[in-house]
Amino acid sequence: MTLDRQAPAESGTDRELLTQFLDFHRATLRLKCDGLTPVQLATRAVPPSVLSLLGLVRHLADVERYWFRRVLGQQDLPARFYSAANPDGDLLDITPENVTEAEVERAWAAWREEVDHARSLVEATDLDALRQCPPRDGRQVSLRWVLVHMVEEYARHNGHADLLREALDGTVGE
């Protein structure tokens, strides 16, 4: 996989900095998964945690979908990898015993589709535009808030990815 991971600029508009930091963290997730087999990607490498790198990809595809499609886009769409009946399906439904190359490709394709959609929505939306969250939440959030939250979400999960990757093959670093 060819990775284009660019450090965010040291100055710029809020939109530029927020989107650059988010893209940096998205690329970091890809970097943490680069070069691993499907079995390695599905391995829960830090027991007793159920996290795996592939689980994180699936989880973050659904996080992108929730915030950019459901909240900001006001689209009534189900999650891709979990449901009310299976709330941890994004993490639990994939294991080293049942993973396939096709499942890995499906997860990355879903993630890329959600990221591409998010980027186009961000370009077309005012940073301070407010959107109503789904009824279970009920609050209103701005695009600016969602971008900050997404940077936090990726940064936290990339910390998990660091530990998972190191446990799998000893790779450390950014």
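1. A word on terms to start: helices (H or I, at least four residues) and strands (E, at least two) are DSSP runs, numbered from the N terminus. The model is a predicted one, in which local features need pLDDT of at least 70 and side-chain atom pairs count only at pLDDT 80 or more, while totals for chains, interfaces and linings use all residues. Residues are numbered from 1 along each chain as its sequence is written, and side-chain values use heavy atoms, with hydrogens and water left out.

2. Two or more residues each come from helix H3 (53–72), helix H4 (89–92) and helix H6 (143–169), and H3 gives the largest share, five residues. By type, the lining holds six nonpolar, three polar and seven charged residues. In this count Ala, Val, Leu, Ile, Met, Phe, Trp, Tyr, Cys and Pro are nonpolar, Asp, Glu, Lys and Arg are charged, and the others, Gly among them, are polar.

3. Helix H3 also holds Glu64, which is buried at 0% relative accessibility. Buried means under 20% relative accessible area, exposed over 50%, and partly exposed in between (1.4 Å probe, protein chains only). The side chains of Glu64 and Tyr154 form a polar contact of 2.7 Å; such a contact is a pair of N or O atoms within 3.5 Å, where, within protein, one must be able to donate a hydrogen and the other to accept it, and residues adjacent in sequence count only if both atoms are side-chain atoms. Beyond four places in sequence, the contacts of Glu64 (heavy atoms within 4.5 Å) include Arg26, Arg69, Glu114 and Met150.

4. The expected span is 1.5 Å times one less than the number of residues. The buried residues of H1 pack against helix H2 (38–42), H3, helix H5 (101–124) and H6. Lys32 is in H1 and is buried at 4% relative accessibility; among the residues it touches are Leu53, Asp162 and Glu174. Gly35, with a positive phi near 85°, follows H1.

5. For H5, the 24 residues reach 35 Å from first C-alpha to last, close to the 34 Å expected. Its buried residues pack against H1, H2, H3 and H6. Ala107 lies in H5, has a relative accessible area of 0% and is buried, and touches Leu54, Val57, Arg58 and Phe81, leaving out residues up to four places away in sequence.

6. Finally, two loop details to inspect. The peptide bond from Pro47 to Pro48 is cis, with omega near 5°, and Pro48 lies in the loop between H2 and H3. Gln74 is not a glycine, yet its phi is positive, about 55°; Gln74 sits in the loop between H3 and H4 and is partly exposed at 46% relative accessible area.
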